[in-house]
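Here is a short walk through one model. Keep the sequence and the coordinates at hand while reading.

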Amino acid sequence: MAKDLKPHIGIFGRMNNGKSSIINKLTGQPMAIVSEQAGTTTDPVKKSIEIFGIGPVVLIDTAGIDDVSELGKQRVEKTYQVLKEIDCAILVITGEDFGEPEREIIKEFKKHEVPFLIVHNKSEISVLSENLKTKIESECSTKVLEFSALKDDAKVLQEALNKSIPESAYKKASLLGGIIKPGDVVLLVTPIDAEAPEGRMILPQVMAIRDVLDNDCICVVLKETALKQYFESGMPRPNLVVTDSQVFKLVNEIVPKDVMLTSFSIILARLRGDFENYLKGTPHLSDLKDGDKILMLESCTHEISCGDIGRVKLPNLIRKFTGKNIEFTYLSGLTPIENIHQYAMAIQCGGCMATRKQLINRTNMAVENGIPISNYGMAIAYMNGIFERVTRVFIP
Ligand SMILES: Nc1nc2c(ncn2[C@@H]2O[C@H](COP(=O)(O)OP(=O)(O)OP(=O)(O)O)[C@@H](O)[C@H]2O)c(=O)[nH]1
Ligand SMILES: [Mg+2]
């Protein structure tokens, strides 16, 4: 979780522009390999560091965007992958070189909504001509910062960087943020059955308890068997009830209709992924036809828990729910999605090993092509008939 709190900053530009030197300058330590040889940095390199005036960040050094050799093309591809996980970018240029490679990457920054700053490095040799500077600044709607990794103090760059990092990069992802307020009573219904781990709670429950406390609310944790008693014995009325999906039916009956009710799977989906589009896409499960294909996007590699849900339980449930002959294709990690139009729907796993940004980028291709998306937890909630009530609290 802590990882989400650190802004991720990528550094891009042509080979030999001084990208690695700038990283070293920002960190104040020789962290990245610098050499006069073009193509020194080959793979994206992540460094978790503290920048004066900004705090802890993750800096990502990349290979040059102008490497046209066969191997170079693969490196450039990896460099472009970095765009999917950063909050902010530095584009390094030198001399009077501003052309196709720069325009191409700027187009991607814009597509991924990554704020960027342009640094003209090696400026102790030559500054950018006024003409080109004006052209770049108007074309990119951003200022060009003159800098020399060799001679200048890092401060000017740190200040510019600080302004470019969006607030969202620091924001702690909150499971219940925005729907509860300080002082609220939040009731968590956590069944303890044979599948529950010995002597402890499962991760989503622990995360929810912590989140309720972080939001300065009062947390009540009980089993479904104690729920009726809770409501009948004059205990404080909860502002929100979060339940395990397995016992939804019972909880739905006991919790008064005017009390907000949701499930652990839904709040997790909201934390990790494109929740708005999951909300819109999930009901399409009811429109599936014989022969439709569903793309299952797996972002983690735990074979046992997620694998079983995604490869066995969920497909069985979908076939049973729709009564149709549905085909499933599985894609794991960051494997590129090919021919998205062949799919009637895409369903993303819970993504507990991925960041929200990675997941959103993963499902974006489907969204852009008008393919409905859902996620494991939301699809299960929908097919269990609880979708409407557990998502109502999130619909403005
Ligand atoms: N004169 C001058 N030289 C610089 C400056 N910054 C970096 N250099 C030199 O430029 C060369 C390339 O620097 P790197 O930091 O390795 O450049 P890079 O962009 O990481 O290069 P690749 O990893 O090969 O893509 C080295 O010889 C650096 O010493 C600068 O501000 N002024
Ligand atoms: Mg380098």
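The model is predicted. Begin with a pair of side chains: Arg-75 and Asp-67 are joined by a polar contact of 3.5 Å. Arg-75 sits in helix α2, which spans residues 70–82. Neighbours within four places in sequence aside, Arg-75 touches Thr-42, Ala-63 and Asp-67. Pro-44 is 31 residues away from Arg-75 along the chain, yet their C-alpha atoms are separated by 8.5 Å.

Now turn to the ligand. There are 24 residues around ligand 1. Which of them come nearest? They are Lys-19, Ser-21, Gly-39, Thr-40 and Glu-124. For Ser-21, a polar side-chain atom lies 2.6 Å from an oxygen atom of ligand 1. For Ser-20, an N or O atom in the side chain is 2.8 Å from a ligand oxygen atom. Asn-17 uses its backbone instead: one of its backbone N or O atoms lies 3.2 Å from an oxygen atom of ligand 1.

Helix α3 covers residues 100–111, and helix α4 covers residues 130–140. Their axes come within 12 Å and cross at roughly 30°. Angles under 35 degrees count as roughly parallel, so α3 and α4 are roughly parallel to each other. The crossing of α3 past α4 is right-handed. Which residues meet there? From α3 come Arg-103, Ile-106 and Lys-110; from α4 come Lys-135, Glu-139 and Cys-140. By class, this contact of α3 with α4 has four charged, two nonpolar and no polar residues.

Technical notes. Residues numbered from 1 in each chain as written. Chains lettered and ligands numbered in written order. Predicted model: local features only at pLDDT ≥ 70, side-chain atom pairs only at ≥ 80, totals over all residues. Heavy atoms only, no water. Axes fitted to C-alpha atoms, helices over the stretch in contact; angles between N-to-C directions. Helix = DSSP H or I, 4+ residues; strand = E, 2+ residues; numbered from the N terminus. Parallel < 35°, antiparallel > 145°, perpendicular 65-115°, else oblique. Left-handed = near helix turned anticlockwise from the far one by under 90°. Contact = heavy atoms within 4.5 Å. Nonpolar A, V, L, I, M, F, W, Y, C, P; charged D, E, K, R; others polar. Near = heavy atom within 4 Å. Polar contact = N/O pair within 3.5 Å; in protein donor to acceptor, adjacent residues only side chain to side chain.
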